[in-house]
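Please keep the sequence and the model open while reading.

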Amino acid sequence: MRVALGWIALGIAIAVGGWRMDRLDKMNIEPWSAPGLVPGVLGALMAVFGAMLAWRERRAGVATPAPAGDADADAPGTLLRVLPILVLAVAWVVGTLGRGLPFVATSAVLVAAWIALLRWRDWRAAGSLARGLGTAVAIAVVACTAIAVLFEDVFLVRLP
């Protein structure tokens, strides 16, 4: 539950910061391209998804208190799952952004890899590895294409 509350707090802080940014009204800037719009929307979405995570944890009964001295028993397992995702994110930023490679393609590879890393054990246990990888690729392509269209056509931000 602490993680969900952390996402909610961070999302609210980012949304408030985005709301407080100068909208550049004096310069007749299009409202859809105001500097705080994207961070504000992303912060609000982080808070919403954090609330959904908290609701899901509460509904599943995950939020039951751990026995004394056992509160951080899951920390090493969580770190082992998150560390490869962070490494991939840094490699993507350093190795692909601004190097002339298509944003949608490189981002789709990154997102598919993230999904695969997080769901690999489930797919293997269910005997649906090929189906899981196919689904991960499909989700990644659709999501990254939608993100590119949103940023380039709505927010008028040129992606690398």
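1. Terms for exposure come first. Buried means under 20% relative accessible area, exposed means over 50%, and partly exposed lies in between (1.4 Å probe, protein chains only). Asp122, at 42% relative accessibility, therefore counts as partly exposed.

2. Ground rules. This is a predicted model: local features need pLDDT of at least 70, side-chain atom pairs count only at pLDDT 80 or more, and totals for chains, interfaces and linings use all residues. Numbering runs from 1 along each chain as its sequence is written, and side-chain values use heavy atoms, with hydrogens and water left out.

3. Confidence. pLDDT is the predictor's confidence in each residue, from 0 to 100. The protein chain has a mean pLDDT of 85, and 90% of its residues reach 70 or more. Over residues 66-72 the pLDDT is below 50. That stretch has three contacts in the model beyond near neighbours in sequence; a contact means heavy atoms within 4.5 Å. Where pLDDT is low, the predicted coordinates should not be read in detail.

4. Helices by confidence. Helices (H or I, at least four residues) and strands (E, at least two) are DSSP runs, numbered from the N terminus. Among the elements of the protein chain, helix α5 (residues 129-154) has the highest mean pLDDT, 94. Helix α3 (residues 75-95) has the lowest, 83.

5. The salt bridge. The rule asks for a side-chain nitrogen of Lys or Arg within 4 Å of a carboxyl oxygen of Asp or Glu. The count comes to one salt bridge. Arg119 pairs with Asp122, and their closest N and O atoms are 3.2 Å apart. Why are Arg119 and Asp122 separated by about one helical turn? Because they are three residues apart in helix α4. Arg119 is partly exposed, with a relative accessible area of 40%. Arg119 and Glu152 are 33 residues apart in sequence, and their C-alpha atoms are 31 Å apart in space.

6. The core. A nonpolar core is a set of buried Ala, Val, Leu, Ile, Met, Phe, Trp, Tyr and Cys residues joined through side-chain atoms within 4.5 Å. The largest one has eight residues: Val38, Trp92, Phe103, Leu110, Ala148, Phe151, Phe155 and Leu159. Helices α4 (103-126) and α5 are the elements that give two or more residues to this core. Val38 touches Phe151 and Phe155, not counting residues up to four places away in sequence. In soluble globular proteins, nonpolar side chains tend to be buried together.

7. Helix α2. Is Gly40 buried or exposed? With a relative accessible area of 14%, Gly40 is buried. Gly40 is found in helix α2. Leaving aside neighbours within four places in sequence, Gly40 is in contact with Ile14, Ala15 and Gly18.

8. The end of helix α5. Val154 is placed in helix α5 and is partly exposed, at 38% relative accessible area. Which residues does Val154 contact, leaving aside neighbours within four places in sequence? Trp32 and Val149. Val154 and Trp32 are 122 residues apart in sequence, yet 7.3 Å apart in space, C-alpha to C-alpha.
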